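Have a look at it, and then let's walk through it together.

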Amino acid sequence: MSASIPAKVRDRAARLRDQIADANHRYHVLDEPNIADVEYDKLMRELEALEAEHPELVTPDSPTQRAGAAPSGAFTEVHHEIPMLSLANAFSDEEVADFVRRIEKRLDAADLEFSVEPKFDGLAISLRYEDGIFVRGATRGDGETGEDVSANLRTVKSIPLRLRGSGWPRVLEARGEVYMPRAAFEKYNEHARETGGKVLVNPRNGAAGSLRQLDPRITARRPLAFYAYAVGVIEGVELPARHSEMLSRFREWGLPVSNLVSVAIGVDGCLEYFRGMGAKRDVLPFDIDGVVYKLNDLAAQRELGFVGRTPRWAIAHKFPAQEQQTRVEDIIINIGRTGAATPAAKLVPVFVGGVTVTNATLHNADQVARLDVRIGDTVIVRRAGDVIPEVVSVVLDQRPVHARPWKMPAHCPVCGSDIVREEGEVVAHCTGGLTCAAQRTQALFHFASRRAMDIEGLGERFMAELGELGYVKSIADLYKLSLDGLLEMKRRADERDGTTPETAKSGKIATKWAQNLVTAIDQSRRTTLARFLYALGIQHVGESTAKALAQWFGRLDLIRHLPWPILKAVPDVGGEVARAIDHFFAQSGNQHAIDELLKRGIVIGDEHAPNPKLRAALALEQVLTSMEIPGLTQKRSAQIAIAAGSLEKVTKAPQQLWLDAGVPTDVAERARAHFAQKDTQELLRRCIRAMGEVLDCVEDDDGESVGPLDGKTVVLTGTLTSLTRDEAKEKLEALGAKVAGSVSKKTSFVVAGAEAGSKLDRANELGVEVWDEARLLVFLRAPEARK
DNA sequence: ATGCCTCGAGTTCA
DNA sequence: CTCGAGGCAT
């Protein structure tokens, strides 16, 4: 049949096939390329041309056969003559030790040698070679029967189509793992995302899905690789004595074997290998989910045999899974203190990364949309470097037909108010405010939290109960709670929940509990301005902003009435934050709650005069620029401020004065029009009043306002470690102290840092109190504690 | 406008 | 711990 083909052509084709196979082997198996890509392409093209001209030349092992044939109908079944094993799993050192001990006992031997190998996270397959030629490849299936995926496997470059060297058996079934290298996976997905193609969930699913493609041309585009790790059928060659030798033979025959395989002695050797791999795991170019220990002696393996379908002589030692699949039972909404509506996935409990995970946050609607998570979906959950579980992706193949895309509900599941997502914002908010039980509970919880009012014993659950039963509707109600009230509440809660007398706290314990709580509440009455402000839970006001406000304004009665342009004078407080504070205090309910709190004995121990720097910060120009009138720049604001003399006068300044101050006509017009608006006038009135008020206080700093360091003179010396000298000075000044440069007998105390010199000596001489840095820090945290 | 940088807010499980 | 947003410097 091929007689018509000249021997020369035939030889050339054979030579090309050899060269290409060799290049392939070097590149994909040995990782030592010997020819350039262009050269390789050239050889391929030449071979393709020859084969096109003489189709009879095409052999099953020709590299041109890798490209992928046209789709076949379906996969045919393949019976594995020697079943493909599954391994028992070990998850702890104990289980490994048991495994080794069992073998030692059965064989009556010690210090056994194991072939130790990484456990690739891919898909187990079997490759059949007859007379050195790849004839068939199959998936494992159930171990007995798999599917013929030869066409797909031909596209995997690291699988040789013909064995190399000599001495290979007449028939060989090599078993191993098809996997997708991480880099290839990333690259593939990146491309898929750009082109809108199918994004793979993870490398393992990528490998599995690829092999099950009916169209091998698709598989050819998936970057798969292969490692051999076991032998099935072998005919015509003597088996070596040890498994590790078998793997070496594989290498000689051109089958890729991981260079991470090794040999270990006894349990200790195995475990050492396990830890080594665990440490390397993250930097490996492919995913592994554990390691496998195989008794190295093949004769001994035969002796041990099987239990069911798993061999007694091998075990897989698994890493704690960092990724698991589970099902989304529901997607719920959590309402936070600020009303933020955060979707969370309720999961069928799954053990991942050492803990059982039942919830995973989905962050926001965008994230849900990005992942397209739907109720009923199977998802991949990860607990990576950090602790918090996250949904990585959806396994689309397993999506129930009826699953519908998830949408943020229009109404709050707790209070029924509208849920609104502002233009350009990522988070949606429940508009219920404090009428929403969820927000109220969270607000109360926040108020009582350690960094706020620090009331011990008020957990979130209990707070919810107090709210539900109507005992606490607002933060002020917390200070109404009495011993009897608490006990009564406890009783009612137990009744309602159907708690039996045995499980309910008995009278004495309940009394003790209530007493402790009352004491804790009582102790919390004395607090600092910063804590108090923080406790109020004003939007955007966290701990540090609260501190800044406290330090700069010093007094609650000031802060609670300040218009936002004045609040904005504080560093790090911008328009957004200032408006939020203004808005908070503009609600009469909030003002009322504060009045109530003060009435019920809240004492702010560290009120003091405003920071003198406010004087500069409150310059007219700052207030004017905060009006954000187009064209009214800082410079022009300053000019008109100087020309007019006071804020009040600016607002009433005639057109001419603006022009004299160098403000262009159109800007002046705009400003005057702006000032004429009703709400602007109201705001300006408040600003005018507030500026006067604040400035009065600043001037009055040895007047009635009493800071804890009022009238004290402090001297700083040495190097402070946790804060700069300037910061310390600022803080002390904000508390009313005068920070002087040298020690005299008028000095109240000296703060001495490291390497304090002459000033410390002089302080000792004069008998002036000396603080170390630690004491200063304690004081700065809670200045009310002592003066 | 644009890019740090810090602060606020939300989150899981034992 | 991480993300988003606000503040501020460039």
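What follows is a short tour, from the whole chain down to single residues.

First, some ground rules. This is a predicted model, in which local features need pLDDT of at least 70 and side-chain atom pairs count only at pLDDT 80 or more, while totals for chains, interfaces and linings use all residues. Residues are numbered from 1 along each chain as its sequence is written, chains are lettered from A and ligands numbered from 1 in the order in which they are written, and side-chain values use heavy atoms, with hydrogens and water left out.

Let's start with the protein as a whole. Chain A has 31 helices and 26 strands; these are DSSP runs numbered from the N terminus, with helices being H or I runs of at least four residues and strands being E runs of at least two. Of its 787 residues, 46% count as buried. Buried here means under 20% relative accessible area, exposed means over 50%, and partly exposed is in between, using a 1.4 Å probe and protein chains only. If you take the contacts in chain A between residues at least 6 apart in sequence, 67% of them join residues at least 24 apart (a contact means heavy atoms within 4.5 Å).

Next, the DNA. There are 22 residues around DNA strand B, and Thr-338, Thr-342, Ile-388, Gly-542 and Thr-545 come nearest. A residue is near a strand if one of its heavy atoms lies within 4 Å of it. Which part of DNA strand B is within 4 Å of the protein? Of those atoms, 92% belong to sugar or phosphate, and the rest to bases. You can pick out some polar contacts too, meaning pairs of N or O atoms within 3.5 Å; within protein, one must be able to donate a hydrogen and the other to accept it, and residues adjacent in sequence count only if both atoms are side-chain atoms. A polar side-chain atom of Arg-337 sits 3.0 Å from a phosphate oxygen of DNA strand B, and for a polar side-chain atom of Thr-338 the distance to a phosphate oxygen is 2.8 Å. Thr-358 uses a polar backbone atom, 2.9 Å from a phosphate oxygen. The elements giving two or more residues to this surface are strand S15 (340-352), strand S16 (355-361) and helix H17 (543-553), and the largest share, six residues, comes from S16. By class, the surface near DNA strand B has seven nonpolar, 13 polar and two charged residues.

DNA strand C has its own set of residues around it, among them Val-426, His-540, Asp-572 and Val-577. A polar backbone atom of Asp-572 is 2.6 Å from a phosphate oxygen of DNA strand C, and for one of Val-577 the distance is 3.2 Å.

His-540 counts as partly exposed because its relative accessible area is 48%.

Finally, find Met-627 in the loop between helix H23 (620-625) and helix H24 (634-644). Is Met-627 buried or exposed? Met-627 is buried, because its relative accessible area is 8%. Leaving out residues up to four places away in sequence, Met-627 touches Pro-565, His-674, Phe-675, Thr-680, Leu-683 and Leu-684.

How values were computed
Nonpolar A, V, L, I, M, F, W, Y, C, P; charged D, E, K, R; others polar.
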